[in-house]
Amino acid sequence: VIVENAYAKENSIILITPHVPLAQGIAVTDKVNGSFLVKLSRPEVADIPFDYLIIGQEQKLSQGIIGSI
């Protein structure tokens with residue numbers, strides 16, 4: 001789903017909290033000025049309500065990678 005919000009920027013940190021338990025991850029996969037894209041790994045049978053928090057940044061931070069040990 002595309003979420004339009006004037007505070008969203010390409011370098012924003014966007015945190016998502018679903019209102020229901022999920023058996024899969026939910027992620028922000030694309031950010032542009034004025035909107036961002038939220039995706040699931042696979043389709044769900046019902047809509048997934050969620051809250052989000054946009055944190056602005058002056059500059060882009062380094063990104064980490066999560067992997068198995």
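Which residue's backbone nitrogen lies 2.9 Å from a polar atom of the side chain of Ser12? It belongs to Lys9, and the legends below start from there. This is a predicted model, where local features need pLDDT of at least 70, side-chain atom pairs count only at pLDDT 80 or more, and totals for chains, interfaces and linings use all residues. Residues are numbered from 1 along each chain as its sequence is written, and side-chain values use heavy atoms, with hydrogens and water left out.

**View 1. Ser12 in the loop between β1 and β2.** At 1% relative accessibility, Ser12 counts as buried (under 20% relative accessible area; exposed is over 50%, partly exposed in between, with a 1.4 Å probe and protein chains only). Its side chain meets the backbone nitrogen of Lys9 at 2.9 Å (a polar contact is an N or O pair within 3.5 Å, where within protein one atom must be able to donate a hydrogen and the other to accept it, and residues adjacent in sequence count only if both atoms are side-chain atoms). Setting aside neighbours within four places in sequence, Ser12 is in contact with Tyr7, Lys31, Ile54, Ile55 and Gln57 (contact means heavy atoms within 4.5 Å).

**View 2. Asn5, also in the loop between β1 and β2.** Asn5 counts as buried at 18% relative accessibility. Its side chain reaches the backbone nitrogen of Tyr7 at 2.8 Å. Not counting residues up to four places away in sequence, Asn5 touches Gly34, Ser35, Tyr52 and Ile54.

**View 3. An open sheet in the order β1-β4-β3.** The three strands pair antiparallel (strands are DSSP runs of E, at least two residues, numbered from the N terminus; two of them pair if DSSP finds at least two bridges between them). β1 (2–4) and β3 (26–32) stand at the edges with a single partner strand each, so one side of each lacks a neighbour in the sheet. From one strand to the next, the twist averages 25° (axes are lines fitted to C-alpha atoms, and angles run from 0 to 180 degrees between N-to-C directions). Six bridges join β3 to β4 (residues 35–40); Lys31 stands opposite Phe36, and Val28 opposite Val38. The two strands make a hairpin with two residues between them, and Gly34 in the turn has a positive phi of about 100°.

**View 4. Ser35 in strand β4.** Ser35 is buried, with a relative accessible area of 16%. Ser35 and Val3 sit 32 residues apart in sequence but 5.4 Å apart in space, C-alpha to C-alpha. Beyond residues up to four places away, Ser35 touches Ile2, Val3, Glu4, Asn5 and Ala8.

**View 5. The largest nonpolar core, eight residues in all.** Its members are Val3, Ala8, Ile14, Ile16, Phe36, Val38, Phe50 and Ile54 (a nonpolar core is a set of buried Ala, Val, Leu, Ile, Met, Phe, Trp, Tyr and Cys residues joined through side-chain atoms within 4.5 Å). β2 (13–18), β4 and β5 (50–55) are the elements that give two or more residues to this core.

**View 6. A ring cluster of Phe36, Phe50 and Tyr52.** There are two aromatic pairs (rings of Phe, Tyr and Trp, using its six-membered ring, pair if their centres lie within 6.5 Å; planes under 30 degrees apart are stacked, over 60 edge-to-face, the rest tilted). Phe36 and Tyr52 are edge-to-face, 5.1 Å centre to centre with 75° between the planes. Phe36 lies in β4 and Tyr52 in β5, so this pair ties together parts 16 residues apart in sequence. The rings of Phe50 and Tyr52 have centres 6.5 Å apart and planes at 50°, so that pair is tilted.

Conventions. Helix = DSSP H or I, 4+ residues; strand = E, 2+ residues; numbered from the N terminus.
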